[in-house]
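Hello,

Here is the structure we talked about. My notes follow below it.

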Amino acid sequence: MSFRPPPHPYHRNPRRVRFACYLLVLTFALLVVSTAAKSSRRPISDNEIRQKKEACYTDVENGLWGWVCRSSPTEKENCVLRCLSPECYDLIYGGDPLEEGELDYVRGQEYKYCMHKSSLGESLDGVKGSFSYS
């Protein structure tokens with residue numbers, strides 16, 4: 001019969017060591033991914049805008065934005081623009097929303113430019129009024 005010494009108080013359980021290693025690797029991976037996401041901002045694409053706008057139309061049509069948003073095509077468009085980017089909507093249309101029958105290409109371009117700058121995390125100073133009316 002062989003003598004086996006009692007476990008040393010500092011004896012490491014292999015499962016705990018393995019778990020600690022997995023935890024350390026996971027933490028490191030999350031740190032790298034979050035850092036990469038912050039440093040590699042890219043502008044929102046036209047396709048992403050289109051997809052988000054379609055989702056906003058669905059929300060408005062399902063009544064999630066209230067009955068006013070379904071009262072007319074123009075109100076619906078104002079609500080969709082607000083849903084798409086509240087910050088840009090307030091900046092470009094906030095004090096003067098679209099009116100019935102109005103087609104405002106200049107503000108539409110400013111809104112799109114605002115979304116582009118916002119997606120990059122840039123300042124929105126100078127967006128309003130950046131396109132010419134001529």
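Which residues of α3 are buried? They are Thr-74, Asn-78, Cys-79, Val-80, Leu-81, Cys-83 and Leu-84. Buried means under 20% relative accessible area, exposed over 50%, and partly exposed in between (1.4 Å probe, protein chains only). Helices are DSSP runs (H or I, at least four residues), numbered from the N terminus.

Some ground rules. This is a predicted model: local features need pLDDT of at least 70, side-chain atom pairs count only at pLDDT 80 or more, and totals for chains, interfaces and linings use all residues. Residues are numbered from 1 along each chain as its sequence is written, and side-chain values use heavy atoms, with hydrogens and water left out.

Helix α3
The buried residues of α3 pack against α2, α4 and α5. Leu-84 is one of the buried residues. Setting aside neighbours within four places in sequence, Leu-84 is in contact (heavy atoms within 4.5 Å) with Ile-49, Lys-52, Lys-53, Cys-56, Tyr-111 and Met-115.

The core
The largest nonpolar core has 20 residues. Such a core is a set of buried Ala, Val, Leu, Ile, Met, Phe, Trp, Tyr and Cys residues joined through side-chain atoms within 4.5 Å. Leu-81, Leu-84, Tyr-93, Tyr-111 and Met-115 touch the most other members. Two or more residues come from each of α2 (46–61), α3 (73–84), α4 (86–92) and α5 (105–119). α3 gives the most, with five residues.

Helix α2
The buried residues here are Ile-49, Cys-56 and Val-60. They sit on the same side of α2, because they cover an arc of only 40 degrees around the axis. The arc is taken from the directions from the helix axis to the C-beta atoms. Their cover includes α3 and α5. After α2 comes Gly-63, with a positive phi near 85 degrees.

The loop between α2 and α3
Ser-72 is found in this loop. Ser-72 is buried, at 15% relative accessible area. Its C-alpha atom is 8.3 Å from that of Glu-100, 28 residues apart along the chain.

Salt bridges
The structure holds eight. The cut-off is a side-chain nitrogen of Lys or Arg within 4 Å of a carboxyl oxygen of Asp or Glu. Glu-61 pairs with Lys-76, closest N and O atoms 2.8 Å apart. Glu-61 lies in α2 and Lys-76 in α3, so the pair ties together parts 15 residues apart in sequence. Glu-102 and Arg-107 also meet, at 3.3 Å, N to O. Arg-107 is buried, at 4%, whereas Glu-102 is partly exposed, at 29%. Asp-96, Glu-102, Asp-104 and Arg-107 are linked in a network of salt bridges.

Best wishes
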